[in-house]
There are 4 protein chains.
Amino acid sequence: MEFQPKSDNFIQKVEESFARQKFMDFIGARLIKVEPGFCEIHIPYNENLTQQHGFFHAGIIGSLADNVAGYAAFSLMEESSSILTVEFKLNLMSPGDGDLLIGRSNVLKNGRTLTICRSEVFVCKDGKEKICAASQSTLIELKNSADNKTEK
Amino acid sequence: MEFQPKSDNFIQKVEESFARQKFMDFIGARLIKVEPGFCEIHIPYNENLTQQHGFFHAGIIGSLADNVAGYAAFSLMEESSSILTVEFKLNLMSPGDGDLLIGRSNVLKNGRTLTICRSEVFVCKDGKEKICAASQSTLIELKNSADNKTEK
Amino acid sequence: MEFQPKSDNFIQKVEESFARQKFMDFIGARLIKVEPGFCEIHIPYNENLTQQHGFFHAGIIGSLADNVAGYAAFSLMEESSSILTVEFKLNLMSPGDGDLLIGRSNVLKNGRTLTICRSEVFVCKDGKEKICAASQSTLIELKNSADNKTEK
Amino acid sequence: MEFQPKSDNFIQKVEESFARQKFMDFIGARLIKVEPGFCEIHIPYNENLTQQHGFFHAGIIGSLADNVAGYAAFSLMEESSSILTVEFKLNLMSPGDGDLLIGRSNVLKNGRTLTICRSEVFVCKDGKEKICAASQSTLIELKNSADNKTEK
């Protein structure tokens, strides 16, 4: 599906918002690609991100799925809008056993107020990608509510 | 609802599993209470855990909701079982604006293979609790698959 | 939680909307109770509503969960508003084996635009209620969009 | 993705199970296509299936999404297995305004016990398909539990 961004600066807008998320920096997430209605983020393996078996923690996988969905949706929103996740649902399909997590999200429907995304998280091991989670998310556009203001 | 744990050591079992999750330590999460079919975990505010407005990141809120559900369910499982999150769905209802996140989860149904939990995340500000998220989770019991083994 | 309906006629408003849903009549659903932020609907057993084992079909259970959530939320909305389900997530916990389905929903959060509900479906057999499903729903209020107009 | 059915009679198995669902007959649903890990079902418009605006009821849309997921998953299961929906999450993206509903589902992951599907529901009007809902489902395989037995 082809989407038309409402802002010419949609890539910069996403990059700046991503850079303001201290949690993304804390877990070593890297914004890899932004297209209209699409986003890809990577998280390299780090012992701090693990659960009891030494694999990527479900919380990290969920954070990644939520973030790619948020920025896929945000890429289509107006310059002056902010975004919030309304809800998401995540299926964990394989253990996060690998050296890199890759999250990708595509907008499924970009409505006036709500945007729906589908995302997948892949885990890479020895150069092979394997799907480890899939999610479906609902995001809301808050018009005239700049993303970098702290009052909301 | 009253649940009967299958293991006498259910509290210790949960504490030990929690202690093995490096990600929980990394984000400063503290296991507060474990009862049969119930779990409470706290996460104090820390700038590293924030999104672009300086509030608790949705990924942290989701991680908390997932973890309390996992341990509420794990409290009812057999000594020799391991647990995995099958899926969860999270509604974010208010910004995570406060100095402490409190996650609480209750088992709704403890089946032979699958356990269903409902969880709430509250954010505390100036001593007042406000609900900020609610989730519903499905967990699976892996029999004879000790929680502390790394092969799975 | 105590909710304040914005319309004095909230019960009548719900009853009239329910009466306009031909599908509810078709499956024999009965609106039992409406309170601010709460709704209860019953569906008596009927062979037409069954799946391959002769139990209530998951589609009926989901329809019930969705409808009680919708009307619990609608009870709090303005007289001139219409409502749409944005999404819902349903866990089926026991077979729908009984002579009556009871759906109950409570509003968890009544926001300006979005309302979040939690619902439970019980199946009655020989006079005993057993939980058979639980859901969590997001509803949207469409202001100035009367519920009985067909254009939307 | 390519899936290998475990039963040579997977199409007949799905057809027979579908035929036993009285609710599918009641709402006029027609099984259109079954492939390994895929299912398509249609529901023609009928006033009995409508909500308050005369469009397909969300309950019908959800029933369709649940059923295509169930049969996409069932197509991959063993001859002697039965299937149950564990849970599903549905986003309603456009009103069900049209003369035909088309549900399609693909298996995303076919695990030993659990199968995950993604489904879409399209509404047709004047010969044009428009996506109206998307879901993500978890199904469980009950081994040695024939689909046509009523005790379970």
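A quick word on ground rules. This is a predicted model, where local features need pLDDT of at least 70 and side-chain atom pairs count only at pLDDT 80 or more, while totals for chains, interfaces and linings use all residues. Residues are numbered from 1 along each chain as its sequence is written, chains are lettered from A and ligands numbered from 1 in the order in which they are written, and side-chain values use heavy atoms, with hydrogens and water left out.

Start with the sheet. Helices (H or I, at least four residues) and strands (E, at least two) are DSSP runs, numbered from the N terminus. Two strands pair if DSSP finds at least two bridges between them. Here we have an open sheet of twelve strands with antiparallel pairing. Read the order with me: S1(A)-S2(A)-S4(A)-S5(A)-S6(A)-S3(A)-S3(B)-S6(B)-S5(B)-S4(B)-S2(B)-S1(B). Which strands stand at the edges? Strand S1 (30-35) of chain A and strand S1 (30-35) of chain B do; each has a single partner strand, so one side of each is left without a neighbour in the sheet. On average, neighbouring strands of this sheet are turned by 20° against each other, direction ignored.

Now the helix that packs on the sheet in chain A. Helix H1 (residues 10-20) of chain A touches S1 and strand S2 (38-44) of chain A. Contact means heavy atoms within 4.5 Å. The direction of H1 makes about 155° with that of S1(A). That angle is between N-to-C directions, on a scale from 0 to 180 degrees, with axes fitted to C-alpha atoms, for helices over the stretch in contact. In chain B, helix H1 (residues 10-20) packs on the sheet too, touching S1 and strand S2 (38-44) of chain B, again at about 155° to S1(B).

Let's zoom in on some strand pairs. In chain A, strand S3 (residues 82-92) and strand S6 (residues 128-142) run antiparallel, joined by ten bridges. There, Ile83(A) stands opposite Glu141(A) in S6(A). Strand S5 (residues 114-125) of chain A pairs with S6(A) over twelve bridges. Ser119(A) has Ser135(A) as its bridge partner in S6(A). S5(A) and S6(A) form a hairpin with two residues between them. In the turn, Asp126(A) has a positive phi of about 50°.

One salt bridge in chain A deserves a look. The term means a side-chain nitrogen of Lys or Arg within 4 Å of a carboxyl oxygen of Asp or Glu. Asp97(A) and Lys125(A) form one, with the closest N and O atoms 3.0 Å apart. The pair links distant parts of the chain, 28 residues apart: Asp97(A) is in the loop between S3 and strand S4 (100-110), and Lys125(A) is in strand S5. Over all chains, the structure holds 32 salt bridges.

Next, symmetry. Copies are superposed by least squares on the C-alpha atoms of residues with pLDDT of at least 70 in both. Chain B goes onto chain A by a rotation of 180° with 0.0 Å of shift along its axis, RMSD 0.0 Å. Lys89(B) has the C-alpha of chain B nearest that axis, at 2.0 Å.

Now the interface of chains B and A. How many residues of chain B are in contact with chain A? The count is 38, with 38 residues of chain A. Buried area is the accessible area (1.4 Å probe) that two parts lose on being put together, summed over both. Between chain B and chain A it is about 3,400 Å², and carbon and sulfur atoms give 55% of that. Four salt bridges are counted between these chains. Glu47(A) and Lys22(B) meet in a salt bridge, at 3.8 Å from N to O.

Last, chains C and A. Five residues from each chain take part in the contact. They bury about 460 Å² between them, 82% of it on carbon and sulfur atoms. Val86(C), Glu87(C) and Leu114(C) lose the most area on the chain C side, together 58% of what that side buries. Thanks, I'll take questions.
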